[in-house]
Amino acid sequence: MAGTDTSTDPRGLAFITPEAFTDMEQWHATVRELRRESPVVRVEAEGWPSFWAVTRHADVFEVSRRSDVFWNTEKSAPGPDVQYDLLQASGIELPRTLVHLHGDIHQKYREVTSEWFKPAAVKHLQPNIEQIADEYVARLDDLGGQCDLAADLAVPFTIRVIMSIFGVPREDEGFMLELTQGLFGAADPEYLGDFSDPMSLITSTINRFETYFDELSAQRRAHPTDDLATVLANGTVDGEPLGELERLWYYIIIATAGHDTTSYAFSGGMEQLLRHQDQLRMIQQDPSLAANAAEEMIRWTSPVRSFFRWAQQDHELGGVLIREGDVVLTSYPSANRDEDVFEDPDRFDVTRTDADKLLSFGLGMHYCLGAQVARREVRTLLVKLLERVDTIELAGAPEWSGAHFVSGVKHLPVSYTLR
Ligand code: HEM
């Protein structure tokens with residue numbers, strides 16, 4: 001019989017405290033204990049909705065699959081209440097992206113782009129991804145044998161790929177980076193800009209996006225091409241054009257979900273490869289290992305830290321009774337280190353045969369739309385980098401970003417020699 005214990009565990013603050021994500025070894029040590037002792041744990045934090053943190057693979061799996069019970073809502077991205085209060089106070093409507101919608105309406109909006117993201121369609125992006133990887137890896141020639149692999153390679157590469165998918169010009173890359181980090185990097189002080197007035201930062205970020213994407217949509221309606229911007233500009237739901245707000249948020253979710261997630265997967269995976277030079281050399285000698293290596297890099301890093309879901313009825317989960325109206329938090333990095341699923345889960349191993357059980361991309365109706373793109377990006381950049389360098393080593397302490405929603409290695413100093 002499920003218990004109804006609602007006592008809270010201070011260790012659960014690890015899921016929502018931005019700074020906790022700057023020391024992932026400590027974070028995993030804390031969460032490993034929770035997984036063992038209290039796998040569905042009640043967390044209360046000032047300024048946050050109370051929630052149940054779900055840490056085991058089987059339970060994150062169940063929450064994701066049972067979308068009849070656990071709904072996405074306009075507050076799906078875990079955040080303090082103030083985040084939503086600010087949006088509402090600034091007159092901006094709450095987000096309506098795919099991750100904030102549920103049921104039929106979600107399916108209809110997802111169908112607008114789902115063809116575009118199917119494996120067969122994404123395969124056609126490969127030459128483009130390779131060409132972009134070549135271009136950015138070639139920049140290593142000019143960096144004098146030392147660089148920050150996260151800021152100098154992973155970030156600009158992933159931005160360029162997402163921009164090319166949209167079909168927008170290079171000169172807008174810096175602008176896009178500024179905007180998306182203004183929204184989702186927001187917890188890491190390095191990306192905050194002037195946060196003394198958070199309301200005006202959020203409003204101006206959203207307004208600048210709106211203007212930018214309105215112009216882009218108008219252009220694509222006048223001159224359709226085969227890019228994603230054209231699909232969104234001309235997309236319909238129930239025979240009607242996408243609502244203005246939905247179209248804007250559609251752009252925002254793809255632009256934001258599409259680059260720092262993938263760049264963190266690459267940088268964090270590289271951090272491990274640099275520490276395991278034997279594995280790095282194995283891939284260098286046999287690039288056919290890169291696909292599984294990419295999977296392991298994405299399992300290991302799990303850059304999307306969690307989502308919220310709302311229970312619509314009482315439901316027993318991992319021996320705990322979740323009541324109708326309760327909030328649950330799906331911890332992907334924890335599920336990806338679950339001892340019941342992964343052999344020796346804290347071992348980074350590009351040859352492991354169970355890496356594909358990863359939950360980094362979620363599961364079910366909201367399964368990451370860009371998962372195939374992300375996999376290709378990580379794999380391709382890895383192969384191109386290891387083709388170009390002869391040796392590559394850590395040249396300083398890596399740094400993790402302090403953000404509770406999407407985070408990972410933001411600085412990765414390396415020294416390298418070229419072939
Ligand atoms: C390693 C990189 C990435 C990771 C770890 C990741 C992770 C996730 C996760 C955990 C979700 C929510 C899944 C769920 O609720 O079950 C998601 C949704 C989504 N992702 Fe990704 N993502 C990555 C890359 C990308 C890329 C490259 C794109 C776009 C090109 C993208 C677009 C989206 C979209 C649009 C959704 C919403 C889907 C929906 O709600 O129906 N993601 N992603």
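Okay, hi everyone. Keep in mind that what you're looking at is a predicted model.

Let's start with the iron. Which protein residue donates to the iron atom of the ligand? There's a single donor from the protein, the SG atom of Cys-368, 2.3 Å away. If you want to find Cys-368, look in the loop between helix 16 (332-335) and helix 17 (371-388).

First, the strands. Strand 14 (residues 413-418) pairs in the antiparallel sense with strand 4 (residues 146-148), over three bridges. Strand 14 also pairs with strand 11 (residues 389-394), again antiparallel, over five bridges. In strand 14, Val-414 stands opposite Cys-147, and Ser-415 stands opposite Glu-393.

Now, salt bridges. Side chains of opposite charge can pair when their charged atoms come close. How many turn up in the whole structure? The search finds 24.

Here's one I like: Asp-141 with Arg-388, where the closest N and O atoms are 3.1 Å apart. Asp-141 sits in the loop between helix 6 (126-138) and strand 4, while Arg-388 is in helix 17, so this pair ties together parts that are 247 residues apart in sequence. Asp-141 is partly exposed at 40% relative accessibility, and Arg-388 is partly exposed at 25%.

Then there's Arg-337 and Asp-346, at 2.9 Å between the closest N and O atoms. Is Arg-337 buried or exposed? Buried, because its relative accessible area is 4%, and the cut-off for buried is under 20%. Asp-346 is partly exposed, at 31%.

Terms used. Residues are numbered from 1 along each chain as its sequence is written. This is a predicted model: local features need pLDDT of at least 70, side-chain atom pairs count only at pLDDT 80 or more; totals for chains, interfaces and linings use all residues. Side-chain values use heavy atoms; hydrogens and water are left out. Two strands pair if DSSP finds at least two bridges between them. Helices (H or I, at least four residues) and strands (E, at least two) are DSSP runs, numbered from the N terminus. Donors are N, O and S atoms within 2.8 Å of the metal (3.2 Å for Na, K and Ca); water is not among the atoms, so sites may look incomplete. A salt bridge is a side-chain nitrogen of Lys or Arg within 4 Å of a carboxyl oxygen of Asp or Glu. Buried means under 20% relative accessible area, exposed over 50%, partly exposed in between (1.4 Å probe, protein chains only).
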